[in-house]
Amino acid sequence: MKKYSKLLSLLLAGALVVGSFAGCGGSDSSSDSSASKADSSSESGAADGEVFKIGGIGPTTGAAAIYGQAVKNAMELAVKEINEAGGINGYQIEMNYQDDEHDAEKSVNAYNTLKDWGMQALLGTVTSTPCIAVSTEAANDNMFLLTPSGSAVDCVAPENAFRVCFSDPNQGMASAQYIGENGLAEKVAVIYDSSDVYSSGIYEKFAEEAGNQPFEVVSAEAFTADNNKDFSTQLQKAKDAGADLVFLPIYYTEAALILGQADKMGYDTKFFGCDGLDGILTVENFDTALAEGVMLLTPFAADAEDEATQNFVSTYKENYGDIPNQFAADAYDGMYAIKAAFEDQDITPDMEASDICEAAKAGMTEITIQGLTGGEDGISWSADGEPNKSPKAVVIADGAYTAM
Amino acid sequence: MKKTMSKTTKSNFITYGMVIVIYAIVQILTATGSLSSLFKGLLVPLCIYVILAVSLNLTVGILGELSLGHAGFMCIGAFVGSFFSKCMDGTMPDGLRFFLALVLGAAVAAVFGILIGIPVLRLRGDYLAIVTLAFGEIIKNIVNVLFVGRDAAGFHFSLKDTMSLNLAEGGEVIVKGPQGISGTPKDATFTIGVILILFTLIVVLNLINSRDGRAIMAIRDNRIAAESVGINITRYKLMAFSISAGLAGMAGVLYAHNLATLTALPKNFGYNMSITILVFVVLGGIGNIRGSIIAAVILTLLPELLRGLNDYRMLIYAIVLIVMMIVNWSPKAQAIMSRYTPKNLLNKKKSAKEVN
C-alpha cells in the first residue's frame with residue numbers, strides 16, 4: 001500500500017506539471033489564432049494582421065506602482081486618441097500592459113508573456129533596472145523597444161532600444177551647466193539618494209561636470225532608501241559649508257521633507273532639482289509655500305500654458321482622477337513617437353516583429369515630434385537611442401510652475 | 001534494518017526521478033515547439049528557486065534552526081559570481097568560466113555562512129533568525145554602496161562613488177553601487193539548472209542519510225541527549241548551515257547569469273525574498289525535500305499563470321497562499337484529507353466488498 005501511495009504522489013506531481021505545460025501551450029496557440037483574447041485591449045474583435053500589437057511593461061503593484069500606473073494610463077489615453085483619429089497607417093492599435101513589480105526577473109516574465117500574446121513593439125519598461133534586463137532580451141529577439149522613463153545609461157545600450165526621457169548623466173550635466181551659465185550659485189551642496197540608480201546617476205555626472213563650471217561643490221551628502229525621513233544632518237552640513245544652493249537630484253517625496261526640515265532649521269537657501277521633483281506641489285499635507293522659489297529642470301510641467309499639455313492634463317484628470325506626472329507625459333509622447341516612426345516607414349501590422357524593429361529603428365532617427373515634453377524644438381532621436389530635446393527650467397512661483 | 005535503508009534510497013530515487021522526468025518532458029515540449037516564451041523564460045528561475053528551497057530546508061527542516069537571511073547568501077553568490085564572470089570574460093572558455101564562477105560563488109557564500117555560524121550557532125534559542133535577518137539586510141546595503149573598478153594598475157575599491165575610484169584612462173567600473181553589475185553574460189540554461197538541482201539533491205539527501213546527518217537530526221530533536229552521547233553540537237550545526245549557505249550562493253550565481261542586470265533591491269535580495277523561500281519550505285513541509293521542490297515550482301508559477309487577472313493577481317496569489325497553508329497544515333483539514341486519500345477509499349471499497 002505504501003508503495004502505491006508513493007507512486008500516486010509521483011503521478012500527481014507529474015500530472016500537475018503536464019497540466020501547467022498543457023495550459024501554457026494551449027494559451028499560446030489560441031493567442032496565435034485570434035487577437036481578441038487580450039484583456040486590456042482597447043480594440044478587440046479585429047482579425048490577426050490588422051491591428052498593431054503594442055505592449056507595455058511597468059510596475060502596477062508594489063512600491064513603484066505610482067510610476068507604472070501613470071504610464072499605463074497615459075498609454076491607454078494615447079492609444080484611444082490615435083485609434084479614434086484613424087490609427088497608425090490606417091490600422092488600429094491594440095495594447096497590453098503587464099505588471100513587473102519593479103523587478104528585473106518579473107519584468108522578463110512580463111516581456112515573455114507579451115511575446116506570447118504576439119507583441120510587435122514594446123513601449124517600456126518604466127523603471128531603469130528592469131529595463132536593462134528587458135532591453136537585452138528584446139535585443140536577442142530584435143524587438144523594437146522605446147522606454148518612456150528608463151533613464152539609466154544601459155537601458156538603451158542595445159541598438160533596438162530608444163528612450164523618451166533624458167538619461168541620468170544627461171540631466172546631471174544639464175543641471176550643472178544651467179547653474180554655472182546662469183550664475184545661480186558659487187557654493188553648491190548636493191543631497192542625493194545613494195541607493196537609487198536615478199539619483200546617484202545624476203549626482204555623479206553633476207559632480208564631474210561641476211569641475212568645468214564656475215561653482216564649487218562644497219558638500220555632497222548621501223542618504224539611502226532605508227533612511228529617508230530625517231535630513232537634518234545633511235542640511236546642517238550644507239549650511240555649515242556655506243552653500244548658497246542645494247542641488248536635489250531626488251524624487252519629490254524626499255524633497256518635500258527636505259524643504260520642510262530646512263525651513264524649520266531656518267536655513268534659507270536656493271533649491272535646484274531635476275525632473276524627479278515634478279509633482280512636489282501635489283504631495284499631501286505639504287505646504288506649497290515652502291516650495292516657493294524652487295527651481296527644477298524638467299521636460300514637462302502639468303500647468304504649462306500650451307494647448308497640447310492642457311488638453312492632455314484635462315483628459316487625464318477626467319479619466320483617472322489625478323494630475324499626470326512626467327512619467328505619464330513621457331509615455332504619451334512615446335506612443336506618438338511610435339506612431340510617427342511607423343508612419344515614416346510605412347510599417348504595417350502583417351510584418352514580422354523583427355522587420356518592424358529594423359524599419360522602426362530607421363524611422364526613429366528620421367522623425368521629430370513636438371509632444372508634451374519636447375519643448376520648443378521638439379524631440380528627435382539619434383541612432384544610439386538618446387533623445388535630443390532641450391531641458392526646460394521652471395521655477396515654482398505662487399504655487400505653480402512657471403518657465404524661467 | 002535493510003528494509004528501512006532501501007526505503008529511504010527508494011524515496012531518494014523517486015525525488016531524482018521526478019526531476020529527471022520533468023526535465024525530459026520539458027525537453028520534448030521544447031523540441032516540438034509547444035512551449036510558450038513565458039514558460040521558456042521561467043525555466044531557469046524555477047531551477048533557482050528549487051535550489052534555494054531545498055538548501056533552506058537543510059537549515060530549517062533538518063538542522064531545526066530558523067534562518068531569515070537566505071537571500072543574503074544568494075546575494076553574495078550572485079555578486080561574487082557575476083564579478084568573476086565580468087572580470088574573466090574572454091580569457092577562458094565560457095563553460096569553464098561559468099563553472100568557476102559557480103564554485104567561487106558557492107565557496108564565498110559558504111565562508112560567510114561559517115563566519116556567521118561560529119558565534120551564533122553556539123547559542124540556544126532563536127538567535128540565528130535574528131542575526132541572519134540582520135545579515136541579509138547588511139549585505140544588501142553594503143553591495144549598494146560598493147564601487148569596484150578595474151584599470152591597468154589593478155582593482156580600485158570605494159564606498160563613496162565612481163569618481164573616488166580614480167580610475168586611469170581606459171578603466172572600467174564593474175560594480176556601480178546601486179546600479180549593481182550590468183552586462184553579465186547569459187550563461188544559465190535549463191540544462192545547467194537541472195544539473196545543479198540534481199547536485200543540490202545529491203548533497204542534501206546524502207548528508208541527511210549519513211552519519212553526520214543523523215547527528216544533525218539528533219541535535220534538532222534533543223540537544224541535551226545529543227550532547228550527552230558526545231556529538232559536537234557546534235561543529236554539526238556549522239556543517240549544515242554552511243552547506244546550506246553555499247548552495248544558496250550557487251543559486252545566486254545562476255540568478256546573476258540569467259539576467260543582464262544585477263542590483264541588490266529589497267525585492268530580489270531583501271528579507272522579503274528570504275521569507276518567500278521560507279514559505280516554499282513551510283508549504284512543502286519542513287524537512288520534506290520533495291515537498292520543497294513541488295512548492296517552489298507551484299508558487300513561482302502561480303503569479304505568472306494568474307497574469308490574466310490583471311490587478312487582482314497579487315491579491316489572489318495571497319489568498320491562494322493562505323488557503324494552501326490552511327489546507328496543508330491545519331489538523332482538521334489533515335484529518336479530512338487523510339480520510340479521503342485514495343488508499344483509504346480503496347480500503348473502504350475492499351471492506352465494503354468483504355461485508356457484502
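This passage walks through a predicted model, starting with chain A and then turning to a pair of helices in chain B.

Among the contacts in chain A with a separation of 6 or more, 67% link residues 24 or more positions apart.

Strand S3 (residues 121-124) of chain A pairs with strand S4 (residues 144-147) of chain A, and the pairing is parallel, over three bridges. Across that pairing, A:Ala121 sits opposite A:Phe144 in S4(A). In a regular strand, side chains alternate between the two faces of the sheet. In S4(A), A:Phe144 and A:Leu146 point one way, while A:Leu145 and A:Thr147 point the other. Whichever way they point, all four of these residues are buried.

Over in chain B, the interest lies in how two helices pack. Such a pair is described by the angle between the axes and the distance between them. For helix H3 (residues 70-88) and helix H9 (residues 233-256) of chain B, the axes come within 6 Å and cross at roughly 50 degrees. That angle is why H3(B) counts as oblique to H9(B). The crossing itself is right-handed.

As for what touches what, the H3(B) side includes B:His70, B:Phe73, B:Met74 and B:Gly77, and among the residues met in H9(B) are B:Phe241, B:Ser244, B:Gly249 and B:Tyr255. Sorted by class, this contact has nine nonpolar and seven polar residues, and no charged ones.

Technical notes. Residues are numbered from 1 along each chain as its sequence is written. Chains are lettered from A and ligands numbered from 1 in the order in which they are written. This is a predicted model: local features need pLDDT of at least 70, side-chain atom pairs count only at pLDDT 80 or more; totals for chains, interfaces and linings use all residues. Side-chain values use heavy atoms; hydrogens and water are left out. Axes are lines fitted to C-alpha atoms, for helices over the stretch in contact, and angles run from 0 to 180 degrees between N-to-C directions. Helices (H or I, at least four residues) and strands (E, at least two) are DSSP runs, numbered from the N terminus. Angles under 35 degrees count as roughly parallel, over 145 as roughly antiparallel, 65 to 115 as roughly perpendicular and the rest as oblique. A crossing is left-handed if the near helix is turned anticlockwise from the far one by less than a right angle, and right-handed if clockwise. Contact means heavy atoms within 4.5 Å. Ala, Val, Leu, Ile, Met, Phe, Trp, Tyr, Cys and Pro count as nonpolar, Asp, Glu, Lys and Arg as charged, and the others, Gly among them, as polar. Buried means under 20% relative accessible area, exposed over 50%, partly exposed in between (1.4 Å probe, protein chains only). Two strands pair if DSSP finds at least two bridges between them.
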